[in-house]
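Here's a quick briefing to read with the structure open beside you. Take it topic by topic and follow along in the viewer.

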Amino acid sequence: MPVSDVNRWREAADHLTDTLRFLTGDYWKIAFRARPAGKKSFAKSPKELDLTSFDCVSLFSGGLDSLIGAIDLLSAGKRPLLISHYWDAQASAAQRRLLDALSSRFGEEAYGSLRAHIGFSRSDLATAGTDDNQRARSFLFYSMAAVAADALATTDTVFIPENGLIALNVPLEPFRLGSLSTRTAHPHFIESFSVLVQQVGISIDLINPYGFKTKGEMVLDCSDKKFLKSVVADSMSCSAPDKLRWRGEKPQHCGFCVPCLIRRASLKTGLHGKDPTWYYLDNLKAQELESKQADGRNIRSFKFAVTNAATRPKRLKYIVKKTGPLKRDKIDDYASVYARGMAEVGRLLKGVVARHG
């Protein structure tokens, strides 16, 4: 990698590769070299932005959690700079819809927004091969926010709005480790990234204010629930809304992936069962689902995990550590948010049948 300060990055190289390995499950080796003199500036100059009027930076993915995070900040009188990145058209469209809605509700000057497209097309990097996974994209997301916060004259705080259940992302079953268990907002990744930016000379604080709340509790406690309810259908939580094209349907929430199920459970809890989102698999109880197929696979796994959490409460503090290190004095808090989050999903899936074979 070409960088401006080779020695500083070389000193941080071991921690950088450890951080990326924890996030992605891959082994990394990164070497640094001096950036060529003719490449000191390699990005287009952005439009001028007043860097003295924001009091925080917050990630804004277009999902439900980041929407609640923005609503809570704006309702509290904060003026955040919302950082977004996107790869697919669905995430981009959700971000634009929600940003427009926030402007209508709180005013066009209530916040700032920076959005960036990530990824390469096949023609951009011919030697990249076919591994097009995005397990490391949250590293880019955090990096964008860190650079933005470092540039601001009025804040050094970056908010990462993510509910505690998904932040921990405990494997639903033993075989879901590795790349099947992403660690985008895991407390250890946030802590590791915080150390990394300090090592390369960026002094910022990364905070997840919802780390000990379930997604349903985030909805329930939202500062402007009426507004949230009016726009929640425009947020995008599905892990892969484009996959429904294989079934001849337009991109939408599938209703049966892990993020969709947690979303549905949270809105059932926080909006008292009134979920305005359109799901491809709208009625989970309409028929028995086949757990060998995509529609029923995650439901059966969730049922297994929900039962395990409810019947083995003394093991929860060990279960939550499966995906990575946690601070010892917070283990009980993480175990509690995991139990409450799984209970929310359990209430959603009560009466839903997913059979194997």
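This is a predicted model: local features need pLDDT of at least 70, side-chain atom pairs count only at pLDDT 80 or more; totals for chains, interfaces and linings use all residues.

**Second largest pocket**

- Of its 17 lining residues, Pro 187, Ile 190, Glu 191, Lys 327 and Tyr 334 sit nearest the centre.
- Which elements each supply at least two residues of the lining? They are α6 (187-199) and β7 (205-207).
- Helix α6 gives the most to this lining, with five residues.

**Nonpolar cores**

- The largest nonpolar core has 38 residues, and the ones with the most contacts inside it are Leu 168, Leu 284, Ile 299, Phe 302, Tyr 338, Met 342 and Leu 349.
- Two or more residues of this core come from each of α5 (164-168), α9 (258-270), α10 (294-311), α11 (316-319) and α12 (331-348).
- The largest share, eight residues, belongs to α12.
- Another core, of 35 residues, lies apart from that one, and its members include Phe 32, Leu 81, Ile 83 and Ile 202.

**Helix α3 and Ser 92**

- Helix α3 runs over residues 89-106 and includes Ser 92.
- With 18 residues, α3 reaches 26 Å from its first C-alpha to its last, close to the 26 Å expected at 1.5 Å a residue.
- The buried residues of α3 are Gln 90, Ala 91, Ser 92, Ala 94, Gln 95, Leu 98, Leu 99, Ala 101, Leu 102 and Ser 103.
- Those buried residues pack against α2 (64-75), β4 (80-86), β5 (112-117) and α8 (225-231).
- Why does Ser 92 count as buried? Its relative accessibility is 11%, and the cut-off for buried is under 20%.
- Not counting residues up to four places away in sequence, Ser 92 touches Tyr 86 and Arg 115.

**Ala 116 in β5**

- Ala 116 lies in strand β5.
- Is Ala 116 buried or partly exposed? Ala 116 counts as partly exposed because its relative accessibility is 26%.
- Between Ala 116 and Ser 92 there are 9.4 Å in space, C-alpha to C-alpha, and the two are 24 residues apart in sequence.
- Leaving out neighbours within four places in sequence, Ala 116 is in contact with Ser 84, His 85, Tyr 86 and Met 144.

**Helix α4**

- Helix α4 covers residues 137-151, 15 residues that reach 21 Å from first C-alpha to last, close to the 21 Å expected at 1.5 Å a residue.
- On its buried list are Ser 138, Phe 139, Phe 141, Tyr 142, Ala 145, Ala 146, Ala 148 and Ala 149.
- Where do the buried residues of α4 pack? They pack against α1 (6-24), β3 (56-59), β4, β6 (157-159), α6 and β7.

- Asn 169 is not a glycine, yet its phi is positive, at about 50 degrees.
- You'll find Asn 169 in the loop between α5 and α6.
- At 18% relative accessibility, Asn 169 counts as buried.

Definitions and conventions: Residues are numbered from 1 along each chain as its sequence is written. Side-chain values use heavy atoms; hydrogens and water are left out. A nonpolar core is a set of buried Ala, Val, Leu, Ile, Met, Phe, Trp, Tyr and Cys residues joined through side-chain atoms within 4.5 Å. Buried means under 20% relative accessible area, exposed over 50%, partly exposed in between (1.4 Å probe, protein chains only). Helices (H or I, at least four residues) and strands (E, at least two) are DSSP runs, numbered from the N terminus. On a 1 Å grid over the protein atoms alone, a cavity is a set of points where a 1.4 Å probe fits but cannot get out, and a pocket is an open set with protein on both sides within 12 Å along at least five of seven lines; lining residues have an atom within 4 Å of a point. Contact means heavy atoms within 4.5 Å. The expected span of a helix is 1.5 Å times one less than its number of residues.
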